[in-house]
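Work through the two exercises below with the sequence and the model at hand, and try each task before reading its solution.

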Amino acid sequence: MFSVKKLAGVAAIAAAGLVLSACSGPSADNSSSSSSAPSAAAPSTGGPLKVAVVTHGSAGDAFWNVVKNGAEQAGKDLNVGVDYYSDGDPGNQAKLIDNAVAQKVGGLVVSMANPQALQTSIQNAVKAGIPVVTINSGEDSSAQFGAIAHVGQSEGLAGQGAGQRLKAAGKTKLLCVLHEAGNIGQNQRCDGAKQTFGNVTTLQVDISNPTDAQARIRGALQSDPSIDAVLALNSQVAARAVDAAKEASSKAQVATFDLNADVVAAIKAGTILFAVDQQQYEQGYLPIVFLKLYKENGNTIGGGHPVQTGPGFVDKTNIDTIAPYAQRGTR
């Protein structure tokens, strides 16, 4: 058994955010794992504790690849079996949770972009004695549904921070681009930006159709030349927003949530002003630590409050430090 003393040390390091530099830094996988049932998954990484990680990530989304990297690295470090599943459809995600419960996993990690669609499945897991840690989205519903902890960033606060930075940069009208219909976290980001920035309009696009998303952003900029800032809520959408602004001959500058290689390059080039970094590697890594401690030592964390992994901000002042971590798939 992994000793409690050693495990506590790992938890302290991880919670301090230093685990990124201490680990071996796995490379980012280019595709999210998705399955209709845990039984169809690849073999677990081994160990007495088995954990299913079920997210709403879309296939090929670089953000969720980093979450997956974090969870799998924690499994290797702590001798925990980790299986990762994802589906952007809330109904299908609920089925993945149900299947994990049927498999009697030892722990469950769930992102809750649409909490109401997952409520019954998560509460059934809790009733079955399976400890649940929620991540990324659904902070307000986590404790209500019976989860032992939530790991992520408060989306409203992150949006407020983005709005403040854009206002300080002298921008006067902001287009906030939503890319997943029904994702409460994205609405909270735009609402937060509106609180500190003021003049904000929203645009709904579909992340699974990037060409159409770019066309819609271009159309919005062409129809309203007074828009001088675009806030993307995803790194892939940000790249499309940069291209859309060029095509529209718009003066709008782009800022974004989250990092990938394109965003890193764009910040260096000055075509993206900044990225809001929620350090999603920790959203994969820390829940495995917390579940291990809970199962082997009865520990809980947070006292009913979320464990915050962000927001941090990446811009020209710190991009050279962050870039190597993004390259290896840990930021």
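**Exercise 1: strands in a sheet**

Strand β1 (residues 49-55) and strand β3 (residues 107-111) pair in the parallel sense over four bridges, where pairing requires at least two DSSP bridges between two strands, and strands are DSSP runs of E with at least two residues, helices runs of H or I with at least four, numbered from the N terminus. The model is predicted, so local features need pLDDT of at least 70, side-chain atom pairs count only at pLDDT 80 or more, and totals for chains, interfaces and linings use all residues. Residues are numbered from 1 along each chain as its sequence is written, and side-chain values use heavy atoms, with hydrogens and water left out.

Task: state which residue of β3 stands opposite Val51, and which strands stand at the edges of the sheet.

Solution. Begin with the pair: Val51 has Gly107 of β3 opposite. Next, follow the order of the six strands in this open, parallel sheet, β2-β1-β3-β4-β5-β11. β2 (80-86) and β11 (307-308) are at the edges with a single partner strand each, so one side of each lacks a neighbour in the sheet.

**Exercise 2: a helix with a buried face**

Task: find which residues of α11 (residues 261-269) are buried, meaning under 20% relative accessible area, with exposed over 50% and partly exposed in between (1.4 Å probe, protein chains only).

Solution. The buried residues are Val263, Val264, Ala266 and Ile267. Seen down the axis of α11, they fall within an arc of 165°, taken from the directions from the helix axis to the C-beta atoms, so they line one face of the helix. The face turned away from that buried side carries exposed Ala261 and Ala269. Finally, after α11 comes Gly270, with a positive phi near 85°.
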